[in-house]
Each structure stands twice: as C-alpha cells, then as structure tokens.
Amino acid sequence: MFTGIDTIIIRVRDIAASQSWYTERLQAEVVYDDDEQRLAVVEFPGGSTLTLWQIDDGAEFVVSSTYPILATPDAAAAHATLSANGVQVEPLQETPGVIYFRFADIDGNPLEACQVRDDD
C-alpha cells in the first residue's frame, strides 16, 4: 500500500529564516517553496525531505516531541561541522551499531543525526 515516507512536516515560526538555517547549517537544498502556504520542502542528498511549514499568524508555537533522524556517514564530522557553524549540539552518544547526537533548529525543534556502523 505504501512505499515509504514522502516527507516530514516541521512547523516553524518564520519560513524564510528556517529555509536559510536548514540550507546553510544542514546543507539541505530547497526543492519547492510556496509563499502563499508559507512552506518549503528541503531535500538532503539521497532524496529525503523535510517540509518546513510556518505556523499561522497569532498561533501558539509548540515544539513537537516527534523528530527526524538524519542519516550521516560520519557522526563525528557532522557534529564538528555543526558546532563550528554555531549549532548547539549535544555530546556524541554511542550504542552498539550506532553513533548519534541531538541538536535543535532555530525554533527549538529537535533533530538527531545518526551514523549506523558495523560493530563486529
């Protein structure tokens, strides 16, 4: 019936600021934007997308407890790059088969980066 997840919506306060943050800090590419609906789709290499959608004027902003996990081939390098770019990142964590860390976007939306590794 389904072939996968098309996109994940992340609500934001300011679509222009969020587009800039995701493209500059996470190296995503804007592949679609709609000024009327105040949304933009950003894509990562490999084809995964997030849809940034600005909340309505006057609406209360609520940070979601649901968050995307972004795949990375090198968690330590991604951690260092984000940190150097001014993103507050939590410490690297390691569990069998996975290295990961958490961080947040400019609105406080949680994100995670994850490197799957082969633990012999």
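A: Buried means under 20% relative accessible area and exposed means over 50%, with partly exposed in between. The model is predicted. Arginine 117 has a relative accessible area of 27%, so this residue counts as partly exposed. Its partner in a salt bridge is glutamate 94, at 2.8 Å from N to O. Arginine 117 lies in the segment after strand 8 (110–116), whereas glutamate 94 belongs to strand 6 (residues 93–95), so the bridge ties together parts that are 23 residues apart in sequence. Glutamate 94 is exposed, with 56% relative accessibility.

A search of the whole structure gives six salt bridges. Among them are two that involve arginine 38. One joins arginine 38 to aspartate 56, where the closest N and O atoms are 3.9 Å apart. This pair links distant parts of the chain, 18 residues apart: aspartate 56 is in the loop between strand 4 (49–54) and strand 5 (69–71), and arginine 38 is in the loop between strand 2 (29–34) and strand 3 (39–43).

The other joins the side chains of arginine 38 and aspartate 57, at 3.0 Å from N to O. Arginine 38 is partly exposed at 21% relative accessible area, while aspartate 57 is exposed at 66%. Through shared partners, the salt bridges join Arg38, Asp56 and Asp57 into one network.

Definitions and conventions: Residues numbered from 1 in each chain as written. Predicted model: local features only at pLDDT ≥ 70, side-chain atom pairs only at ≥ 80, totals over all residues. Heavy atoms only, no water. Salt bridge = Lys/Arg side-chain N within 4 Å of Asp/Glu carboxyl O. Helix = DSSP H or I, 4+ residues; strand = E, 2+ residues; numbered from the N terminus. Buried < 20%, exposed > 50% of the residue type's maximum accessible area, 1.4 Å probe, protein only.
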